[in-house]
Amino acid sequence: MKKINEFKVVPYLPEKLKPLIKIANNLWWVWNFEAIDLFRRLDVDLWRDSEHSPVKFLGLISQKVLDEASRSESFISHMNRVEAELDRHMTRESWHDTNKENFEDAHIAYFSAEFGLHECIPVYSGGLGILAGDHLKSSSEIGIPLYGMGLLYRLGYFRQYLNLDGWQQEKYPETDFYNIPISPVKKQDGTDVVISVDFPERKVFARVWQVVVGRVKLFLLDTNIDINDPEDRVITDQLYGGDSEMRVKQEILLGMGGVRAFREMGIEITVFHMNEGHAAFLAIERILSMIREDGLAFDEAHAYVTASNVFTTHTPVPAGNDRFDPELVDKYFSYIYEELGITSDRFMALGRENPFDKKELFCMTVLAIKTAAGVNGVSKLHGKVSRNMWKKIWPSLPENEVPIGHITNGIQTLAWTSDEMMRLFNRYLGPAWIDNPTSKDIWESIDNIPDSELWRCRERLRERLVGFSRRKLRQQLLSRGASPKQAEIASSVLDPEALTIGFARRFATYKRANLIFRDLDRLYKLLSSKDRPIQIVFSGKAHPKDNLGKEIIKNIVHISKEDRMRKRIVFLEDYEINVARYMVQGVDIWLNNPIRPKEASGTSGMKVVPNGGLNISVLDGWWDEAYNSKNGWAIGSGEVYDDEEYQNEVESLSIYNILEEEAIPQFYDRGYDGLPTEWLNRIRESMKSIIPEFNTNRMVKDYTEMFYHEAHKNFRILKEDNYISVKTLAKWKDIVKDQWSGAKILDMSLEEKKDITVGTSVNAFATVDLGKLSPDDVMVELYFGSLDQFGDIPEGVSRPMRVVAGEGRNIYRYEGQILCLGSGKFGYSVRIVPYNKFSARKFDPKLPFTWA
């Protein structure tokens, strides 16, 4: 092929309009409606046609329009106002500025396989990416020093379209990186920053790009560069595409390559956060670099790396976790076993629940858990599910003590709230809600909004969704080969005054998108009511390999084509951020009916709340925490069924009953002023109880206070004096493992007490033989709580015991207290746990402990 040199053409702007470039290239505009309005007012149709990418938009807009704008005092004033607001965001005192003691020099790296920042940067597929994008936005809002790290997918996730039969088809249009707000990272000499990772018998190179998100930067790695072989240039083609080997390649690039990219850019990361297991190979890269550069042994490096790693799991079902054949892992990692100083079996043990089972596959989630001091699920219920799912890593530990906590997900409120509702909030809450969306006191002022204004806002948002749905449906019909006349049917679908239900998410079977169709005749009566009709807008994608999910989509499309359903049910193709925005802002009810407890958190239902939508949902994920009986409706009472068919029957009936007996009457019952007072009261309660709690500003603060501060402290302290702490810790672990068999609990007893009443405490005693260990090597603990029908303690509490006497020959008498906070049958036990002040985790999967 002939040689081609590249050059970039940039938009030409009159001097007065140069701030538009500054605004366009910082994704802060994504959550500032004044900034979006700035571009829209230049040419609203072109803004839509350019997929809302301001860079592409400014390159396409006519010079005449730009010249006119440069002469418009109104436009210049608007632009200067937006620029000033951007500058304020970048420089104002943040939450971090007032909470950064001992955290001043921290740098957090947030690794994720996908980031859903905006539809113009299509490197996301669904909820995981949207959550990651909101994590970055809120990090900018509260000012924490965080960087994102991901992959730059040339073809992104797939774009969905349906054939005439309603069967999902996939296409993969190429993204033009030079027409979106992203740029290559440059060295001081002006050349691109390029890193490499080692693959069998070759190196693979990746260029580093950056996206500016307010104060935060997101870095993305791209292998589509000339220096790579053709087979390696496609590694960053598709998100979640290809086979298992392609997934391994991508995850090596993300984890190991991401760490190397930060090093190449001269950014010292002190906290590494793995958002799902895809990035877990970063732990291997960190260990390897410490062995190479600092001369540490594997166990020493492992202890240090673990102390400054954080891992968030989002997957409540075993099948959702990446697992690879050991032969495939060997193929890509055998070259470093000798350098790491470990065998293949020991490397595989890092990714196995049972390190001794050589038939077990290598699991990325297990690798992440075993190399992170802080581990969490994404809702309270999901934390419990995760402790059950991964308890085999700690086989002797009670399930409730498995060290996996929870931080419930949220949304970046500003990015998902409609312009109309923002203006209403500004008017009645004041501007403080923008900088402090977590303040419950501020949201109490929702009560100040007059019913008439709140309802008028809701009506406008519903009308906008209906208009968008009609336009999109018309495009869908034309693309399937319908004539313009046939496509006109789209103009009559949906009623802008009817109660509108939305269902949009990934079409996995457990999410049960078709549950509401279980009794079609009963549903039809609700859809066709003359006075109180409902209507449903669906959207969502099935994974390209998920034929069962595709069947559900096909089924919904077929039902929507029936004459009696045609105007009341719509399926919007190609669910992405823009479609989601219209839906969460426009629907009255967001329907969510997964099989409990398979929804880790879910965030789509949170997005309807600041727009005045209400939730009808199974008590799963976040809704299990948020529901208070006045802020929406619950499907069931949190039951888990063994018979899925029976469950579908019961819960579909619950949906119909909620609609018929509560939701529809409350929506349509109007007072003397023509307003649905009871419905509006429920909206207010939903906003007041949900918005300040279920947002990512609160979520990122939780991560900072629960994990980031501690991980940063570990990074600094354990590095002191040439890593003396981790070297001491590694030697101590070897001694403990070697001598642990000698530690025994000889007896345990309670003080004699005639009556033990609620609120009192009871002294407990234990005689412990520590063998060759010392009291400083262990923590002797009481474990107590209510007994279940099997004589177990399912939700026990541990409390340390103290040495009260030495009895010679390394035998000690311990004493502790049991708190009796409830009545009933109680039980207790005693255990010996290894303890070292330098250990970042109380329960190390590699260390034993002993029960009485």
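**Loops, strands and a helix pair in a predicted model**

Arg809 sits in the loop that links β25 (802-806) to β26 (811-819); helices (H or I, at least four residues) and strands (E, at least two) are DSSP runs, numbered from the N terminus. The model is a predicted one, in which local features need pLDDT of at least 70, side-chain atom pairs count only at pLDDT 80 or more, and totals for chains, interfaces and linings use all residues. Residues are numbered from 1 along each chain as its sequence is written, and side-chain values use heavy atoms, with hydrogens and water left out.

Although Arg809 is not a glycine, its phi is positive, at about 55 degrees. Arg809 is exposed, with a relative accessible area of 76%; here buried means under 20% relative accessible area, exposed over 50%, and partly exposed in between (1.4 Å probe, protein chains only). Asn810 belongs to the loop between β25 and β26 as well. Its phi is also positive, near 65 degrees, in a residue other than glycine, and with 21% relative accessibility Asn810 counts as partly exposed. Another loop, between β18 (589-592) and α25 (604-608), holds Pro597. The peptide bond joining Arg596 and Pro597 is cis, with omega about 5 degrees.

Turning to the chain as a whole, its secondary structure comes to 30 helices and 28 strands. The radius of gyration is 29 Å, close to the 29 Å that the globule rule gives for 852 residues, so the chain is as compact as a globular protein of that length. This radius is taken over C-alpha atoms, and the globule rule is 2.2 Å times the number of residues to the power 0.38. Along the principal axes, the C-alpha atoms fill a box of roughly 95 × 75 × 50 Å. Buried residues account for 58% of the 852 residues. Of the contacts (heavy atoms within 4.5 Å) between residues at least 6 apart in sequence, 72% join residues at least 24 apart.

Among the strands, β24, β23, β27 and β28 form an open sheet in the order β24-β23-β27-β28, with antiparallel pairing; two strands pair if DSSP finds at least two bridges between them. β24 (797-800) and β28 (850-851) stand at the edges with a single partner strand each, so one side of each has no neighbour in the sheet. Two bridges connect β27 (residues 826-834) to β28 in the antiparallel sense, and Ile832 has Thr850 in β28 as its bridge partner.

A hairpin is formed by β6 and β7, with two residues between the strands; Glu201 in the turn has a positive phi of about 65 degrees. The pairing of β6 with β7 (residues 202-213) is antiparallel over six bridges, and Phe199 is bridged to Arg202 in β7. Five of the six residues of β6 (residues 194-199) are buried, so this strand is largely enclosed by the rest of the structure.

Finally, α2 meets α6. In α2, Glu34, Ala35, Asp37 and Leu38 contact Phe75, His78, Met79, Arg81 and Val82 in α6. These residues divide into five nonpolar, one polar and three charged. Phe75, in helix α6, is buried, with a relative accessible area of 3%. Leaving aside residues up to four places away in sequence, Phe75 touches Leu17, Leu20, Leu38, Arg41, Leu42 and Ala69. Phe75 and Leu38 lie 37 residues apart in sequence and 7.8 Å apart in space, C-alpha to C-alpha. For the nonpolar class, Ala, Val, Leu, Ile, Met, Phe, Trp, Tyr, Cys and Pro are counted; Asp, Glu, Lys and Arg are charged, and the others, Gly among them, polar.
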